[in-house]
Amino acid sequence: MARVSIKMLGELTVLRDGQPIALPASKRTRALLAYLAKTARPHRRDRLCEVLWDFAAEDPRGALRWSLSKMRPLVNDQNVQRLIADRERVALMTSDIDIDTSSLARKAEKPDLSFDDILDLYGQLQEPFLDGIDLPELELFQQWLTAEREDINLLRGKLLARLACHGDLSRPEQLKWATAWEALEPFNPKAATQLVTLLDLLGRTPQLASWTSKLDKRFRNAGIAWSSRARADKGKAQPQISAENEQAAARALLARQKIQFCTARDGARIAYASVGEGKPIIKAANWLSHLEYDWDAPIWSPLFRQLANDHHFIRYDERGNGLSDWDVSEISFESFVADLESVVNASGLGKFDLLGISQGAAVSIAYAVRHPERVNHLILFGGYAAGWRVDADDAVVREREAIITLTETGWGQENPAYRQIFSSTFMPSASPSELTWFNEFQRLTTSPGNAARFLSVFGDIDVRSQLAQITVPTLVIHSVGDQRIPVAVGRELAAAIPNAEFVGLESNGHLLLGREPASQVFVDTVRAFIARNRP
């Protein structure tokens, strides 16, 4: 078996047993190879066509097939198929492929690097990322490429921060690297603080005055909190690590998460992802989700990141949705519960905490009743025990069925007016940009037909008879202004579950926006509940 490595700094290069091999002349094929290798996760074929081919062009799926045929000889061996492609998805398995950027990033995280080690890593990172692979006519690919190049800059900044504070260097040498760090990250308060601290320690008063004036003005104009009076400990310069912005943090988690597939009882393939370490917590699937795009979401991504910081966090896409199979014969409440059982079994977990959101709360309730020996804590947010058809009058039924019909005809259209019906009730306080994101997210996560099937199935959910049978510690959280599922439903849910706790959040969203204070309250409440009821 040949040893395969991919070099992404500088020109894209693929090496087999250390020897570079010829790459296809097509820039899009090389871009596809880099995209699959760097993201290291499955992608739907239609999404790859959207990223790397213009759908207005003739036969983008044919172009994708052609590119994949050119890629296979580059990465596959006779007994090892690293490029995996089926009717719906494409993935490049990179577990045994050495990718230079990933290797350098792992090395840079080591806390005990010598000065020479740090300097060597910094030198290797000077080559441009995917030099010559720009495709300015393809907005989505170019956005990804720009974000990855920014990640390389963030990594350079981390290394410069360590050099600027390295205890083996003299202060003049530290100042040299602090100056380079400030030049790379001119709006990083930590870089500015380290620079003026060293100027102060070295007694360079004229330079200190000049830099102080310039930095004060820069940060004030940018609206960034920074004070020229801030100084590092004069006795010992402390390591200052460049703070990653939230998008970079999301991409970092996305790169670390492991996406796998399990097979449900009826043969449907269910995609599930795991990330983080610690006590396991599984989030039951709820509509809508997508393992690839959730980390960039303005709704749940900050919550997911915090849970992944101190848990082994597992989530999955519902059948008919996200990365799981869309073309499935059955979409039903019973299949939802069975899919959760399949993911739990495939994960090989013993006991775990179970989080259910929206209709995922009912799925979690059914699972906890059937398998109480597996669940440590049950956490329900925005949940309900009975769907919209249960005990509904004719007017409610007619209204909901009209929305289902509207969904079937309007879901996939470019005009987001149809999907706005859902967005405005899910997140009434969302900004125009957040609503635009959610409208597009709905289109990417499922088909119009499946969306209508989901809405119909949700109407028939009824786990009311099972509530009294729950024996595990249960926390019910609900937004007091929820316009999708009224808070009274959440209170009734908690009242019917033995010894359940109820917490109301100051929010009007059925889905929490990550920027809301209620989002942090949610995380703090969950952590406190788990700690208080630890078995």
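Helices here are DSSP runs of H or I with at least four residues, numbered from the N terminus. The model is predicted. Helix α12 covers residues 333-347, and G348, with a positive phi near 70 degrees, follows α12.

The 15 residues of α12 reach 21 Å from the first C-alpha to the last, close to the 21 Å expected at 1.5 Å a residue. The helix is mostly covered, with 11 of its 15 residues buried. Among the buried residues are F333, F336, L340 and E341.

E341 also takes part in a salt bridge. Its partner is R265, and the closest N and O atoms are 2.5 Å apart. R265 sits in the loop between β8 (258-263) and β9 (269-275), 76 residues from E341 in α12. E341 counts as buried because its relative accessible area is 9%, whereas R265 is exposed at 64%.

The loop between β8 and β9 holds a further partner. D266 forms a salt bridge with R319, the closest N and O atoms being 2.7 Å apart. R319 lies in the loop between β11 (311-316) and α12, and 53 residues separate the pair. D266 is partly exposed, at 39% relative accessibility, while R319 is buried, at 2%.

The structure holds 27 salt bridges. Another of them joins E292 and R41, at 3.6 Å from N to O. These two are 251 residues apart in the chain. Both are buried: E292 has 1% relative accessibility and R41 has 11%.

On the surface, D112, D116, D117 and D120 gather in a patch of negative charge. D112 lies in the loop between α4 (100-108) and α5 (115-124), and is exposed, with a relative accessible area of 64%.

How values were computed:
Residues are numbered from 1 along each chain as its sequence is written. This is a predicted model: local features need pLDDT of at least 70, side-chain atom pairs count only at pLDDT 80 or more; totals for chains, interfaces and linings use all residues. Side-chain values use heavy atoms; hydrogens and water are left out. The expected span of a helix is 1.5 Å times one less than its number of residues. Buried means under 20% relative accessible area, exposed over 50%, partly exposed in between (1.4 Å probe, protein chains only). Patches are made of residues with over 30% relative accessible area and no salt bridge: like charges are joined within 9 Å, nonpolar side chains (Val, Leu, Ile, Met, Phe, Trp, Tyr) within 5 Å. Accessible areas come from the Shrake-Rupley method with a 1.4 Å probe; for residues, only the protein chains shown count as cover. A salt bridge is a side-chain nitrogen of Lys or Arg within 4 Å of a carboxyl oxygen of Asp or Glu. Lys and Arg count as positive and Asp and Glu as negative; His and the chain ends are not counted. The place of a charge is taken as NZ of Lys, CZ of Arg, CG of Asp or CD of Glu.
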